[in-house]
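Visitor: I am new to this structure and would like to learn how to read its features.
Guide: Then let us take them one at a time.

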Amino acid sequence: MTVTIYHNPRCSKSRQTMALLEEKGISPVVREYLKDVPTAEELNDILNMLGLEPRDFMRKKEAEYKEAGLDDDSLSRDQLIAGMVANPKLIERPIVIKEGEARIGRPPESVLEIL
């Protein structure tokens with residue numbers, strides 16, 4: 001069983017989720033998404049696993065959201081995903097993926113649903 005976490009070590013929720021996985025004896029594949037930015041295809045797959053639309057998966061309070069014009073309601077799904085690829089700081093985190101299922105670790109315990 002492979003478990004992957006899209007992780008930002010500077011984020012407290014991400015660190016808490018990582019600790020929770022380790023407590024459960026899981027050594028996840030760690031993807032620091034700010035350094036190893038997911039592709040548009042990967043983000044689309046993650047959104048489908050989560051059952052979310054791009055805006056539901058974005059950190060809209062970050063300055064980059066408005067600066068990049070992503071608050072424009074006329075943008076398509078593909079344009080919003082491209083905005084996250086260009087500004088990975090806007091991707092909600094942490095994300096845990098296991099065998100085609102994903103959960104956002106907010107709260108960290110929500111990832112237990114797929115483990």
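**Salt bridges, a pocket and a serine**

Guide: A network of salt bridges links Arg59, Glu62, Glu64, Lys89, Glu92 and Arg106. Keep in mind that this is a predicted model.

Visitor: What can side chains of opposite charge do when their charged atoms come close?

Guide: Such side chains can pair. In this model the count of salt bridges is 10.

Visitor: Which side chain meets glutamate 64 in a salt bridge?

Guide: That of lysine 89, at 3.5 Å from N to O. This pair links distant parts of the chain, 25 residues apart: lysine 89 is in the loop between helix 4 (77-86) and strand 3 (95-98), and glutamate 64 is in helix 3 (residues 63-67).

Visitor: Why does lysine 89 count as partly exposed?

Guide: Partly exposed covers the range between the buried limit, under 20%, and the exposed limit, over 50%. Lysine 89 has 37% relative accessibility, so it counts as partly exposed. Glutamate 64, with a relative accessible area of 22%, is partly exposed.

Visitor: Where are the partners glutamate 42 and arginine 31?

Guide: The closest N and O atoms of their salt bridge are 3.0 Å apart. Glutamate 42 is in helix 2 (residues 40-50) and arginine 31 is in strand 2 (residues 29-32), 11 residues apart. Arginine 31 is buried, with a relative accessible area of 13%, whereas glutamate 42 is partly exposed at 26%.

Visitor: How much space lies in the largest pocket?

Guide: About 190 Å³. Residues that line the largest pocket include His7, Asn8, Glu32, Tyr33, Lys89 and Arg93. Its lining divides into five charged, four nonpolar and two polar residues.

Visitor: Is serine 14 buried or exposed?

Guide: Serine 14 is buried, its relative accessible area being 0%. It lies in helix 1 (residues 12-23).

Visitor: What does the side chain of serine 14 reach at 3.0 Å?

Guide: The backbone nitrogen of asparagine 8. A polar contact of 2.7 Å also joins the side chains of serine 14 and histidine 7. Setting aside neighbours within four places in sequence, serine 14 is in contact with Ile5, Tyr6, His7, Asn8 and Pro94.

How values were computed. Residues are numbered from 1 along each chain as its sequence is written. This is a predicted model: local features need pLDDT of at least 70, side-chain atom pairs count only at pLDDT 80 or more; totals for chains, interfaces and linings use all residues. Side-chain values use heavy atoms; hydrogens and water are left out. A salt bridge is a side-chain nitrogen of Lys or Arg within 4 Å of a carboxyl oxygen of Asp or Glu. Helices (H or I, at least four residues) and strands (E, at least two) are DSSP runs, numbered from the N terminus. Buried means under 20% relative accessible area, exposed over 50%, partly exposed in between (1.4 Å probe, protein chains only). On a 1 Å grid over the protein atoms alone, a cavity is a set of points where a 1.4 Å probe fits but cannot get out, and a pocket is an open set with protein on both sides within 12 Å along at least five of seven lines; lining residues have an atom within 4 Å of a point. Grid points are joined across faces, edges and corners, and a volume is the space filled by probe spheres set on the points. Ala, Val, Leu, Ile, Met, Phe, Trp, Tyr, Cys and Pro count as nonpolar, Asp, Glu, Lys and Arg as charged, and the others, Gly among them, as polar. A polar contact is a pair of N or O atoms within 3.5 Å; within protein, one must be able to donate a hydrogen and the other to accept it, and residues adjacent in sequence count only if both atoms are side-chain atoms. Contact means heavy atoms within 4.5 Å.
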